[in-house]
Amino acid sequence: MRVSIQNVSKSFGGRDILADFSLEIQSGVRLCVCGANGTGKSTLLRILAGVDMPDAGRVILPKGCRLGYVEQELDESTLDRELLDYVVDVLPDWNEFWSSWHEAAEKNDEPSLARLAVRQAELEQVYGYNPEHTAKAVLTGLGFAENKWRRPLRELSGGWRERAKLARILTAGADVLLLDEPTNHLDLDAVEWLESFLTEYQGVLVFVAHDRVFMDKISTHILYLGVGKPLFRKGNFTHFIALQEEMEEQKEREAARIQDEIDKKMAFVRRFKYKATKARQAGSKQKMARKLEKELEGLAPTQKRRELNFVWPAPPQADRTVLVVSDLAFHFPDGKKMWEKLSFTIYRGQKIALVGHNGSGKTTLLRLLTGSLEKTGGTVQMGQLVKMGYFSQHQLETLNPSGTVLGEIRRLSDPRTTEEELMSVLGLFLLGQHFFDRNVGTLSGGEKSRLILASLFLARCNFLILDEPTNHLDLESREALVEALDNFPGTILMVAHDRHLLAEVADEVWQLDAGAFTVYDRGYDQYAEARKAALPAASGPSLKPEAAPEGGLRAAVKPSLSREEQKRIKREQAELRNTLYKEIKPLQEHYAALERELESVLEKLDAVQTLLADPEVYADSPRTTALLQEFHTLQSSSETVMETMGDLEARIAVLEEKRQALTDDE
């Protein structure tokens, strides 16, 4: 299976999104398309899906390949369908198959039976024996409780409809799978299930994401847009960043050395070009300087990733006790209770992540604390010196779509804030001068989120309550927000499923389930360990294809294993571990050899650089040319070695994970 992108160009409003872009993507490649918002990531996916046409070039998909791409909108008739029927509908109907089988069997039609046997094997390999089982497994993995399976899509919220569309695509199966920000609207459990599903996927996967942990776990290759020419690299996003930084450092060192040589030669020219005895030598130096200037142009730094960079202003100090909640109760109009009573205290400087399964009441609790939802019992008491700031996705709907960006930040901010301060803060949040007069209704979801965050920034709050603050933000904005919140000197209570945010910012994790808190005072790592330990107890339909039953019946209960069977399984696991070790060992030896090779190459690079920095050596033109050629060869060799090491590291990690899983199963 191979997807071929040939000389594709696409522009909007006179701005090139893609220009003469070509790429080959093979089966097994999980390509993460990343970059700032507006750089053409979703456009590329729509071109691959055939939804948009390129201005030039073409995309070639294998004949007969199954393409998986989430549809944009659900029409009115589809909204009336039940969730499970909507998802199962993409799979073949086994009832129709068995009807044909029985008809052929009754007629003793051997050719038809042979043909149907082949068809049966094909269907089982792709879809499993029970299509409804597959659909239920996907729905369960994406967080749909069984009581939602028979609900019409119309009754689901926008976020749950997006999950339903994703479930339909994953259930259908695809040779080429295109996913645009698939983790949006998913909670942590669903994100981790999706990661497990996609790491086993064998076709061509092209996805857009801003969740750094998801990107690192899933991607085998990176395509980065928005920095001039698209950058395509093997490895995950972390490898991509490390490689780019190393290459840029090498280019900077070489550029600095060449610039120093140019300066020396031009200084000689300026000093001696009018002296008859030195004029010829000065002319030679000037020619050499011009040659070096052309070489220097090729070492111009790659356009850097756009960065949102701000430091949260130091707020006034709050009381030691920021919030006291006693016997908090809430029930919906139908009488359904979220919990009986909740009591807790938050102290100054705490940074708490609130986690829990869907429906546990996390967002409801935040709304009760902020007063945007009326409690039905108990008390919520803030400290006298506490100034609270609240961010949630529903706040985006409170923005005036017909107002301008500058007008809205002015409306949301303290009246004493000067115009210069307003404009400066908008600039910090990448909503600079060309945004000031734009209507809010024309902004993307990420731009609206940054506008709300900018208003919080100006409020100088000392207690931040945040509900999914990274939703709609691109990767650069997320990283900047994580850094700013990590350095924030006040108190934070947040709900999030962004694991990078949870790991970097939260000092404590409070899990809200069954109407009570479980506190992990060592933060996200402790919480993740607890979740991992609890995984074997998790229940739900398996996604593994089921084989056709022999004799038309399937064993309802799996028999318990005898001691001999247990011994046999342990022997097989030990053999598998040994096999994996034999695979890992030569890879580790190869990696160690590459480390030694890289060290040797870098030493040679330093030696060549030292020689080129010697004026006497550089005056020898033939020798200089040879040294420059050697330098570029060594530089290319170092990049190749680093890419190979990155690939080996990923392969070793996968094998080690498999070996560890076998150990954990004992």
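These legends describe close-up views of a predicted model.

**Figure 1**
The predicted chain has 666 residues, and buried residues make up 45% of them. The chain exposes about 34800 Å². Carbon and sulfur atoms supply 49% of that area.

**Figure 2. Strand S6 and its two partner strands, S5 and S7.**
Strand S6 covers residues 176-180. Four of its five residues are buried, so S6 is largely enclosed by the rest of the structure. Strand S5, residues 67-69, pairs with S6 in the parallel sense. Three bridges join S5 and S6. Look for tyrosine 69, which stands opposite leucine 178 of S6. Strand S7, residues 204-208, also pairs with S6 in the parallel sense, here over five bridges. Leucine 177 has leucine 205 in S7 as its bridge partner.

**Figure 3. The β-α-β unit of S6, H8 and S7.**
Follow strand S6 into helix H8, then on to strand S7. Helix H8 spans residues 188-199. Together the three elements make a right-handed β-α-β unit. The strands of this unit, S6 and S7, are parallel partners.

**Figure 4. Tryptophan 160 with lysine 148 and arginine 163.**
The charged end of lysine 148 sits over the ring of tryptophan 160. It lies 3.6 Å from the ring centre. Arginine 163 lies over the face of tryptophan 160 as well. Its distance from the ring centre is 4.1 Å.

**Figure 5. A cluster of aromatic rings.**
Tyr224, Phe237 and Phe240 form this cluster, linked by ring pairs. Across the structure there are twelve aromatic pairs.

**Figure 6. Valine 325 and the residues it touches.**
Valine 325 belongs to strand S10, residues 321-331. Is valine 325 buried or exposed? Its relative accessible area is 2%, under the 20% limit, so valine 325 is buried. Leaving aside residues up to four places away in sequence, valine 325 touches Leu342, Ser343, Phe344, Leu369, Thr379 and Val380. Leu342 is 17 residues from valine 325 along the chain. The C-alpha atoms of these two residues are separated by 7.2 Å.

Key. Residues are numbered from 1 along each chain as its sequence is written. This is a predicted model: local features need pLDDT of at least 70, side-chain atom pairs count only at pLDDT 80 or more; totals for chains, interfaces and linings use all residues. Side-chain values use heavy atoms; hydrogens and water are left out. Buried means under 20% relative accessible area, exposed over 50%, partly exposed in between (1.4 Å probe, protein chains only). Accessible areas come from the Shrake-Rupley method with a 1.4 Å probe; for residues, only the protein chains shown count as cover. Rings of Phe, Tyr and Trp (its six-membered ring) pair if their centres lie within 6.5 Å; planes under 30 degrees apart count as stacked, over 60 as edge-to-face and the rest as tilted. A charge sits over a ring if NZ of Lys or CZ of Arg is within 6 Å of the ring centre and within 35 degrees of the ring normal. Two strands pair if DSSP finds at least two bridges between them. A crossover is right-handed if, with the strands pointing away from the viewer, the path from the first strand over the helix to the second runs clockwise. Contact means heavy atoms within 4.5 Å.
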